[in-house]
Amino acid sequence: MSVLKSLKAAKDIDDLAALLGYKPKSLSYILYKLPDAAKYTTFKIPKKNGGEREICAPTNQLKLLQRRLANILYACRDETDKESGLGSLSHGFRRGHSIVTNAKPHHGRRFVLNLDLEDFFPSFNFGRVRGFFIKSKSFELNDKVATLIAQIACYQNVLPQGSPCSPVISDLLAHLLDVRLAKMAKTQGVTYSRYADDLTFSTNKKIFPPALATQTEGDTGLWELGNELVSRITDAGFNVNPDKTRMQIRMSRQLVTSLTVNAKVNVRREYYKRTRAMCDSLFKTGQYADVPFNKSLARRRDNAPDAKDGDAPGGGAKAAAKMGITSLGPLSGRLAHIHYVKDSIDTREEIEKRKHKTTFRKLYYRFLFYVKFVALDRPLILTEGKTDNVYLSLAIKHSLAFQPKLGTVTPKGFQSAVRFFNHLNKTREVLELDGGSGNFKFFVLRYKELMATFGHKPQAHPVILLLDNDDGAKDIFAVIKQNYGIEIKLSSTDAFFHITDNLYVIATPHVGKKMKTCIEDLFEPLLLKEKLGGKTLNLGTPNPATEYGKHVFAEKVVRPKASTLKWDGFAPLLQRIIDVLDDYKPLP
C-alpha cells in the first residue's frame, strides 16, 4: 500500500502513530502532556531588509516527530504530482527544485514582475491546516487524523517558522493559489512560478498585461498590481507585501529569487565580488569580517557592493583566530551557493571544458585548499580512497597502544585526534582529489606553489598523504624527486618523508618479505579470503558475478567484525603516523 493510501486509511491516533513509527502513548504524551516550554525554543533573527523574524524551533523530541510527519507528506506529494502529470509550479521545499529551477523559466524576458506574500507561514492557521487535509481531493483524511496532523504541525495556532513540517504543509496549501495564478498567467501569455512566498511573472510581450500590473501615472518607475491578480491572491487566503513588489525591465538588471536572469541565470555580480573580497582578506590575514569593498580588494570596480546582498556576519572567535582560522561557515556557504548555481546552469560539457579556466572555480579551489590544508584544526590524513578511511579509523579505534595520541574513547563514543579527507562530497571534485595516484601527482606538484600564494598560512598541523607502496605510486615518487629533490623508492623503509611546508608522505610498510604492498595487506590473510554469498574478494576490478570489491569488503566484512579483528598488522602504519606528528613543528 502506498504512503498516501495508508494515510487515507488511518482512522485514529493508533493508526497515525503506527505510520509515524510511534506508540500511541508516546504520540499522545508529546501532543497533550508535554508543556509548550518543552516543545519549542523561540528566538528572533534579523531580516535582510530590516526588522526581525521570529523563529520557533522545536526541541529534539518534537522535531523528530515533525520530521517523520514531513517525510510522509513529502512522499504523499510525490505521489499526487506523479498522478497529476503536471509540471511543478512551486520550486521551494521540493526535491530536485531550487532557486535555480525557479529562475530558469524567466531568463531573457522583456518584463519580470516579482511580488511577495505577506506573513507566509503565519497565514496558515490551525483551522486552515486541518481543513485542507479533510477537504483536499488529494487527501480527504479522517477528521481525527487531520486534527492530529494540525496539532503536530501548529504552534500558537499557526505554522511556525523553524518546524521541519511547515515547508511541505505550506507548499501543499499554496497549491490552490498556484493553479489559479498559472491559469491566469496562461490566458495572459505570461510565465508563472513560485518559490515559497516569492511569486514571479514574466513575458516577452511588448505591453505587460494590465490584469497583472500597470505603470503608475506620472511615475514610470512604479507599478501597481492589477485588481484581478490581487483578487485571486486574496481569495486564496493570502495578502501581498506591498513593499516587495517590483517590475524589472529588460534593459535593467532582472532578479528572480536573488539570481540574475537577463542573459542567463547567474549570481549577482556584486554578490560574487563581495565574496571574492572576503576570500582575499581571509587569504591575506586569516580574517574576513567587515571586509571593505575597495580598490585593494577588487579588480573590477564598475559596481559598488549592495548592502542588501546577504553579507555574512563578521569574523570568528578570538580562540579560533589564534588557531589561524575564522568562523568560515558563512563564507563557505556563499562559495557553495555560487558553485551550486554555476554547476546547475552549466552543462557537464561546459563544466569540463572550463574547469581550469573559470575565475570562480580557481577561487573556490583556493578556498577549499586553505580550509583543508592550510588552516587545519587537526592533522589531516589524505588516503587514496574512502575504504582506506574506514580501515584506518577502525584500526585507531581498536588499537589501544595508539591512544590517546590518535584518538580517545569517551562516554560519547570514539573521538579521533586526526581528520580524514572526505572522498564522498563535492570538495573532492573541486579539488580534483577523486582518489588514486593520478590526481595526487598534480596535488603534490602544486602544493608548494599554492601554499606560497597565501599571506596567512598557520599550518598548525601536518597533512599526511598515505600511499600504497606499489607501482601506482611511482609517478608520484618521480614528481617528488624532480620537484623537491626527495627520492622515495618502493624499497624504502623510512617511516615518512617530509615533502614541503606541512605536507608529508607515508607509504604502506613492507609486510614480511613483500615489498610492494597495499593497505589491505595489513589485514590477516584469512580475512582477505572470506567469501560473501559465494563471492571472493578482488582488490582490483571485480567480476560482479563471482567477486566483490573493496567497498563491500570494508562495509560488509571489516566494519561488522571490527571489534573482534586483530589489528596488529596496522601497528607499523599507525606508528608512522605518530612519527609524523612527533616530527612536525608548526611555525610560531
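Residues are numbered from 1 along each chain as its sequence is written, and side-chain values use heavy atoms, with hydrogens and water left out. Because the model is predicted, local features need a pLDDT of at least 70 and side-chain atom pairs count only at pLDDT 80 or more, whereas totals for chains, interfaces and linings use all residues.

Most residues other than glycine have a negative phi, and most peptide bonds are trans. Against this background, the peptide bond from Gln403 to Pro404 is cis, with omega near 10°. Pro404 is placed in the loop between α16 (386-397) and β13 (407-410), where helices (H or I, at least four residues) and strands (E, at least two) are DSSP runs, numbered from the N terminus. A positive phi, near 55°, is found at Ala196, a residue other than glycine, which belongs to the loop between β4 (191-195) and β5 (198-203). Asp501, also not a glycine, has a positive phi of about 50° and lies in the loop between β17 (497-500) and β18 (503-507). With regard to accessibility, a residue is called buried under 20% relative accessible area, exposed over 50% and partly exposed in between (1.4 Å probe, protein chains only). Ala196 is buried, because its relative accessible area is 10%, while Asp501, at 27%, is partly exposed.

Aromatic contacts were then examined, with rings of Phe, Tyr and Trp (its six-membered ring) taken to pair if their centres lie within 6.5 Å; planes under 30 degrees apart count as stacked, over 60 as edge-to-face and the rest as tilted. By this rule the count is 34 aromatic pairs. In one of them, the rings of Tyr40 and Tyr155 have centres 4.0 Å apart and planes at 25°, so this pair is stacked. Tyr40 is buried, with a relative accessible area of 6%, and Tyr155 is buried at 11%. The rings of Phe360 and Tyr364 are also stacked, because their centres are 5.6 Å apart and their planes lie at 20°. Both residues belong to helix α15 (residues 359-374), in which they are four residues apart, about one turn of the helix. Phe360 is buried, with a relative accessible area of 7%, as is Tyr364, with 9%.

One aromatic cluster is formed by Phe283, Phe369, Tyr370, Phe373, Phe421, Phe443, Tyr447 and Phe454. A charge is said to sit over a ring if NZ of Lys or CZ of Arg is within 6 Å of the ring centre and within 35 degrees of the ring normal. The charged end of Arg366 sits over the ring of Phe454, 4.8 Å from its centre, and Arg334 lies over the face of Tyr271, at 4.2 Å from the ring centre.

Strand β3 (residues 111-117) is mostly covered, with seven of its seven residues buried. Phe111, Leu113, Leu115 and Leu117 are buried on one side, and Val112, Asn114 and Asp116 are buried on the other. Two strands pair if DSSP finds at least two bridges between them. Six bridges join β3 to β5 in an antiparallel arrangement, in which Phe111 stands opposite Thr203. Strand β3 also pairs with β8 (residues 240-249) in the antiparallel sense, over six bridges, and there the bridge partner of Leu117 is Val240.
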